[in-house]
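Here is a quick tour of a protein model, written for someone who likes cut-offs spelled out. Have a look at the structure, then read on.

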Amino acid sequence: SLTQPAGCSYLDNPGNKKSDAATAMIAVPDHLFVGLKSGILWTCSPTSTDSCTTLDNSGSNYATSFAYGDGYLWVGLSNGLLWRCDPDTKSACTNWATIASYPEFIGSLSLDGSGNIYVSTSTGKIQECSTSTQYGSNGANSCPVVVSATSGLDGPGSGLNVTQVIAAGEGGVFSSWNCSGSSGGVYFGTSIISPNSVCSGDRKS
């Protein structure tokens with residue numbers, strides 16, 4: 001059994017500790033959303049125990065990141081799909097865009113409050129998608145790449161990847177980069193980035 005840490009209170013338990021480990025979480029007013037390794041998306045009351053229920057199920061493609069805005073829950077999946085979900089309707093998530101394909105995956109999501117969602121990937125790209133236009137009936141990718149590395153990308157863990165992206169009001173994005181397991185720095189802007197510059201610590205905008 002799990003030992004409850006001091007200062008923490010029990011909320012819910014998915015049961016199988018290995019297959020249902022939490023992979024992503026986001027808290028919004030009156031809701032806590034949790035992605036489980038099994039692909040289940042939970043919606044929970046943050047103040048009631050044993051209240052979590054299944055919002056949707058992405059199968060073996062678990063949630064890697066969440067964002068919330070424009071009335072929807074946005075979900076980045078491990079197979080590179082971007083989902084848009086109605087937070088109050090079960091089994092209503094739709095494929096909004098295809099950002100990546102295995103072994104590339106979505107790393108993080110951020111909304112800018114102006115109808116755009118920025119999506120980072122494990123192979124050094126940041127893409128900008130509209131929150132009002134679905135990218136094809138099957139979510140086919142057409143979100144433009146606004147920041148990318150120019151070369152030297154061989155997939156997750158072997159090259160350069162974007163670990164976090166945060167949209168900023170100044171018309172750009174803050175992003176953190178990782179170089180084969182070591183930090184590559186934090187950047188602001190929407191320009192092409194050279195892997196050599198990032199990994200050598202040369203901070204560019």
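## Starting at serine 48

Serine 48 is partly exposed, with a relative accessible area of 33%. For burial, the labels work like this: buried is under 20% relative accessible area, exposed is over 50%, and partly exposed sits in between, using a 1.4 Å probe and protein chains only. Serine 48 belongs to the loop between strand S3 (40-44) and strand S4 (53-57). Its side chain makes a polar contact with the side chain of serine 45, at 3.4 Å. Aspartate 12 is 36 residues away along the chain, yet its C-alpha atom and that of serine 48 are separated by 8.9 Å.

A polar contact here is a pair of N or O atoms within 3.5 Å; within protein, one must be able to donate a hydrogen and the other to accept it, and residues adjacent in sequence count only if both atoms are side-chain atoms.

## What kind of model this is

This is a predicted model, where local features need pLDDT of at least 70 and side-chain atom pairs count only at pLDDT 80 or more, while totals for chains, interfaces and linings use all residues. Residues are numbered from 1 along each chain as its sequence is written, and side-chain values use heavy atoms, with hydrogens and water left out.

The average pLDDT (the predictor's confidence in each residue, from 0 to 100) is 75, and 64% of the residues score at least 70. Residues 150-158 fall below 50, and this stretch has 17 contacts in the model beyond near neighbours in sequence. Residues 190-205 are also below 50, with 43 such contacts. Contact means heavy atoms within 4.5 Å. Where pLDDT is low, the predicted coordinates should not be read in detail.

## The overall picture

The protein has 1 helix and 15 strands. These are DSSP runs numbered from the N terminus: helices are H or I with at least four residues, strands are E with at least two. Of the 205 residues, 44% are buried. Among contacts with a separation of 6 or more, 39% come from residues 24 or more positions apart.

Strand S5 (residues 63-69) is mostly covered, with 5 of its 7 residues buried. Strand S6 (residues 72-77) runs antiparallel to S5, and 6 bridges join them; two strands pair if DSSP finds at least two bridges between them.

Which strand holds serine 65? That would be S5, and serine 65 is buried at a relative accessible area of 6%. Leaving aside neighbours within four places in sequence, the contacts of serine 65 include Ala24, Trp74, Ile106 and Ser108.

Serine 108 lies in strand S9 and is buried, with a relative accessible area of 3%. Its side chain joins that of serine 120 through a polar contact of 2.8 Å.

S9 is part of an open sheet of 4 strands, ordered S9-S10-S11-S12 with antiparallel pairing. Strand S9 (106-111) and strand S12 (145-148) are the edges, each pairing on one side only. Strand S11 (residues 125-130) pairs with S12 over 3 bridges in the antiparallel sense, and isoleucine 126 stands opposite valine 147 in S12.
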